[in-house]
Amino acid sequence: MTTIKTQYNRRSFLKVSAAAGGGMLIGFSWLTGCISKTETKEIAVPKEWFEINGYIKIGDTGMVTIYSPNPEIGQNVRTSMPMIVAEELDVDWKNVVVEQAPLNTGFYQNQFAGGSLSIKLSWNALRMAGAAGRRMLLEAAAKEWGLSVSDLSVNQGVIKEKNGTRTITYGEIASKAVGIEVPEEVELKEIKDFKLIGTSVKNVDGMKIITGKSLFGLDFKREGMQLAVIQHPPAFGMKVKDFNEEEIKKMPGVKDAFIIDTTIQDPSWSDEKGFLQLIAIVGDSTWQLMKAKKAIKANYEVVSALENSEMHMINMENALLSGKVLKSRIDGKPDEAFKKAAKVIERTYSSPFLAHNTMEPMNFFANVKEDSAELIGPTQTPQALEGSVAKFLNLPVENITVNMTRIGGGFGRRLYVHFGVEAAAISKKIGAPVKLIYTREDDMSQGTYRPAYLSSYKAGLDENNNLIAFSVKGTGLPESSVFPDRFPAGTVDNYSAEDISGNTNVTTGAWRAPRSHFTAGAEQSFLDEVAELAGKDPIDFRLELFDRAIKNPVGEKYDYEADRYAGVLKMVKEKSNWGEKKPGVYRGVAAYFCHSSYVAEVVDMVMENGQPKVKKVWCAVDCGIVVNKDAAKNMVQGGVIDGIGHAMYSQLTFNNGAVNETNFDRYQLMRHSQAPEEIEVLFVKNEIAPTGLGEPGLPPAIGALANALYKATGQRLTKQPFANQIKTEKLLG
């Protein structure tokens, strides 16, 4: 029997109240708990004991509403998180209604979407909430019938006496469960008894999405709402001085035009000086506003260096030579080992800045009044937005309301809240509700890009082709991508890793699988080449290293579990029939650990009309317990496509501080015809609590792609995007 405490450090777990119509309302905290004591309408629990961040509502008909507190960005947590609650509550999923919870910083914790953390951080608390609700309903039924809880069983929301014929539904007993005191511990289901978790449940918003119901920020409308478009300075290092304001104000449909120019107290979402600076135009029609925007004639001043792509590469090369080392690790004596090595190989890998390119353009609604502000829209970090707006407006945080819409793509872009603060600034200026809408060019030229990276790898083999020395040093603009304690740390006697910072005035941010997306491609490409130099199969070579980490690890620590890492490699080797030779098929493999999960992938590639084409990708995934199988597969498949597409085709380049690729006519994304024809996803079955899944499928796809391209073209590609580096004459020859 597995139990979980509902009381911890005098912080409340549950709040129970009588819901409208006599049902039962259960609020739950994600990480903490308390004992509940009820009055007629609400529990008399001191406020300081608890922070509630979600709830279950049970009506007298047996209908159950489960509120999903985290933002939905396509990762399907709005289905998967309620599934966990429903599993432990033991309610029929067909009787569950899911709704989006609003932001409530006084009650909620971890109410964000990022780092593949939504399920991982909430697993225990969601189970606790469902189990506590089930126990309260069982106790109410036991009291009603004069029995003990042990005399009862429950299945799909129907309670039954074990040695009798009486039954009662959750809806019939819910109102009487309100006064039940929650025990200090509640019993959780055994994992083997799960009925809902591990199955495939369709997206709860699926029908609304395909029928065009209003779900997204762009769909939101409010009576009296005005629209706004903006123009940022055209280059990083520039600031607007003035523009033809009066001319713009006279254009059809324009109600106002002005400059927002201020310093904010919390610069985490803006540039390093905390500036909020733009031209805003307000009116009723996006078409008229966009025409007015094209008529802007602005004067700008240069306030810092106007960077270009050549300068970026030089800066990173200099950083590798003499930059500030932020993190490092040394095992053994790498320099001496390299001198003694029979074979030494070195390679340098690079990747450009990338845009996020969410399909739903950036947008946000704001209604700022004298003593309050309401914000509605697509954000991955509602609490960060709430705090930034509160500081910007100099209002108490409790006077700021943030409600989340469904998000049409995030990938890290909507972790940053500047566009919401911009909407608030415009609303404050005009004294009316407004919805700010970016164009694609606004988004792609504004910044918050994925950083550019440069890393150098070196390996040494002895006369028996054993890996005796390994080093990596990496930098980026502004962050590096080196994880000193990740693989192959712990597997090589003489090992060094250096994480080196760089400098740029281009604004950057998290991009799906931050840093890992580049590191995996570089590291796994390099390991493939080392295996070839050693005359070993690339999978067997990696497994040898993991065997060392399992049996006799080097150093005091490393960040991964070697047996699980090796496990996904063995699975993908078996399922893909790795040793099988297929005429005209070129294979590449890679494996990577990030977000506490392990993924190994094999890419099968062919040449069609002189161009590489991915026919199939096998993915072996160890992410602990899989909550919703369909959603899990979709996330991994999406990550594979994202990784392959960007590594092959995408880049941002700069000239005089301005980005050259401002829309999809210049910034190439993968086309449908270029996508893998088939992606097969296989999950390791275990009873480990769920770990991250939204991001881990992406990084190894880049390494496996590069290794397959080598087999297909004979070229080791070290610079992304790969399509720009493939020699056409080799392919056509």
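# Close-up views of a predicted model

**View 1. Helices H12 and H13 pack against each other.** Helix H12 (residues 516-534) and helix H13 (residues 538-551) pack with their axes 9 Å apart, at an angle of about 100°. That angle makes H12 roughly perpendicular to H13. On the H12 side the contact is made by Gln524, Leu527, Asp528, Val530 and Ala531, which meet Pro538, Phe541 and Arg542 in H13. By type, the residues of this contact are five nonpolar, one polar and two charged. As in the other views, the coordinates come from a predicted model.

**View 2. The protein chain as a whole, for orientation.** The protein chain holds 17 helices and 30 strands. Of its 733 residues, 58% count as buried. Among contacts in the chain with a separation of 6 or more, 75% are between residues 24 or more positions apart.

**View 3. Helix H9 and its cover.** Helix H9 (residues 382-393) has twelve residues. From its first C-alpha to its last it reaches 16 Å, close to the 16 Å expected at 1.5 Å a residue. Pro382, Leu385, Glu386, Ser388, Val389, Ala390, Phe392 and Leu393 are buried in H9. The elements that cover these buried residues include strand E13 (254-263), strand E14 (275-283), strand E18 (363-368), strand E19 (373-377), strand E20 (400-404) and helix H10 (418-430). Just after H9, Asn394 takes a positive phi of about 55°.

**View 4. An open sheet of three strands.** The strands lie in the order E7-E8-E9, and their pairing is antiparallel. Strand E7 (152-155) and strand E9 (167-169) stand at the edges with a single partner strand each, so one side of each has no neighbour in the sheet. From one strand to the next, the twist averages 25°. Four bridges pair E7 with strand E8 (residues 158-161) in the antiparallel sense. Val154 has Ile159 in E8 as its bridge partner. Two helices lie across E7, E8 and E9: helix H2 (residues 118-145) runs at about 135° to E7, and helix H3 (residues 170-177) runs at about 75° to E9.

View 5. Strand E24 (residues 494-500) is mostly covered, with six of its seven residues buried. Strand E16 (residues 325-331) is joined to E24 by six bridges, and the two run antiparallel. In this pairing Arg329 stands opposite Ala497 in E24. Strand E23 (residues 467-477) also pairs with E24 over six bridges, but in the parallel sense. Here the bridge partner of Phe470 is Tyr495 in E24. The loop between E23 and E24 contains Pro478. The peptide bond from Leu477 to Pro478 is cis, with omega near 0°.

**View 6. Lys458 in strand E22.** Lys458 is found in strand E22 (residues 452-461). Its relative accessibility is 24%, so Lys458 counts as partly exposed. Beyond its neighbours within four places in sequence, Lys458 is in contact with Phe338, Val344, Ile345, Glu346, Ala469, Phe470, Ser471 and Phe526. Lys473 is 15 residues from Lys458 along the chain, and the C-alpha atoms of the two are separated by 9.1 Å.

**View 7. Arg78 in helix H1.** Arg78 is found in helix H1 (residues 77-89). With a relative accessible area of 9%, Arg78 is buried. Leaving aside neighbours within four places in sequence, the contacts of Arg78 are Ser68, Glu72, Val98, Glu99, Gln100, Val204 and Asp205.

View 8. Most residues other than glycine have a negative phi, and most peptide bonds are trans. Ser116 lies in the loop between strand E6 (96-100) and H2, and its phi is near 50°, a positive value. Ser116 is buried, with a relative accessible area of 13%. Asn656 lies in the loop between strand E28 (654-655) and strand E29 (658-659). The phi of Asn656 is also positive, near 50°, and this residue is partly exposed, with a relative accessible area of 48%. In the loop between helix H16 (699-713) and helix H17 (728-732) lies Pro721. Gln720 and Pro721 are joined by a cis peptide bond, with omega about 0°.

Notes. Residues numbered from 1 in each chain as written. Predicted model: local features only at pLDDT ≥ 70, side-chain atom pairs only at ≥ 80, totals over all residues. Heavy atoms only, no water. Axes fitted to C-alpha atoms, helices over the stretch in contact; angles between N-to-C directions. Parallel < 35°, antiparallel > 145°, perpendicular 65-115°, else oblique. Contact = heavy atoms within 4.5 Å. Nonpolar A, V, L, I, M, F, W, Y, C, P; charged D, E, K, R; others polar. Expected span 1.5 Å × (residues − 1). Buried < 20%, exposed > 50% of the residue type's maximum accessible area, 1.4 Å probe, protein only. Pairing = 2+ DSSP bridges.
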